[in-house]
Amino acid sequence: DVSVRVQSISAANAWSKAGLMVRQDLTAGSKNVYVCITPTAGNGASIQYRSTSGGGTTFINTGSITAPYYVRLTRTGNLFTAQYSAGGSSWTTISTYTLAMTDPVNFGLAVTSHISGTLCTAVFTDLTGLPTQSFKDTVKVGKDSIQLIYMINKLGLDVFSMSADAFKPRGSTNLRNYETYL
């Protein structure tokens, strides 16, 4: 079980989303399951999944809720259960879905604006179910691809810090640091 409270999400689009995603790998088009909250009550909470790498995405949504809400994604073997909750204790199941994924999988927070080139901001709190860990991510910045190494640490009282190492873009003398707070 991994759960998080989506405290807020900006409304870049009615289908902007913030929540939890599990991916087979970190390549574009990877198989995945995503439970999320949208900024509009008409779209509400959703489970989305891609059953084959490079395939299309299917979704099931339930309306009438917006942030702040908790989302939870449970994996039991190849069975994924997507749920939401107002207070984090009484859960409503959106749907379950069976998707074959081999270990290790990539589990984490995901945000999308649903508009290419447009940013979307989400605030997460009360993350549970993920251990303190380091992980790597490759990010494209202009023409450069950089590898960031993140560390998620529990600071206490369900406050998490996520930071990335500094990097120097090609041709630049300036170091750039990334840090965000969950």
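1. Basis. This is a predicted model, in which local features need pLDDT of at least 70 and side-chain atom pairs count only at pLDDT 80 or more, while totals for chains, interfaces and linings use all residues. Residues are numbered from 1 along each chain as its sequence is written, and side-chain values use heavy atoms, with hydrogens and water left out.

2. Overall make-up. The chain has 14 strands and zero helices, where strands (E, at least two residues) and helices (H or I, at least four) are DSSP runs numbered from the N terminus. Buried residues account for 39% of the 182 residues; buried means under 20% relative accessible area, exposed over 50%, and partly exposed in between, with a 1.4 Å probe and protein chains only. Of the contacts (heavy atoms within 4.5 Å) between residues at least 6 apart in sequence, 45% join residues at least 24 apart.

3. Strand E6. E6 (residues 69-76) is mostly covered, with six of its eight residues buried. Pairing requires that DSSP finds at least two bridges between two strands; E6 pairs in the antiparallel sense with E1 (residues 2-9) over five bridges, and with E7 (residues 79-85), also antiparallel, over seven bridges. Val2 stands opposite Leu73 in E6, and Arg72 stands opposite Gln83 in E7. The hairpin of E6 and E7 has two residues between the strands, and Gly77 takes a positive phi near 65 degrees there.

4. Nonpolar core. Such a core is a set of buried Ala, Val, Leu, Ile, Met, Phe, Trp, Tyr and Cys residues joined through side-chain atoms within 4.5 Å. The largest one has 27 residues, and those with the most contacts inside it are Leu20, Val33 and Leu73. E1 gives the largest share of this core, four residues. Leaving aside residues up to four places away in sequence, Leu20 touches a set of residues including Val2, Val33, Leu73 and Leu127.

5. Salt bridges. There are two salt bridges, each being a side-chain nitrogen of Lys or Arg within 4 Å of a carboxyl oxygen of Asp or Glu. In one, the closest N and O atoms of Asp1 and Arg72 are 3.7 Å apart; Asp1 lies in the segment before E1 and Arg72 in E6, so the pair ties together parts 71 residues apart in sequence. Asp1 is exposed at 55% relative accessible area, whereas Arg72 is buried at 19%.

6. The Arg75 pair. Arg75 and Asp103 meet at 2.7 Å, N to O, in a salt bridge. Arg75 lies in strand E6 and Asp103 in the loop between E8 and E9 (106-112), so this pair ties together parts 28 residues apart in sequence. Arg75 is partly exposed at 24% relative accessibility, and Asp103 is exposed at 61%.
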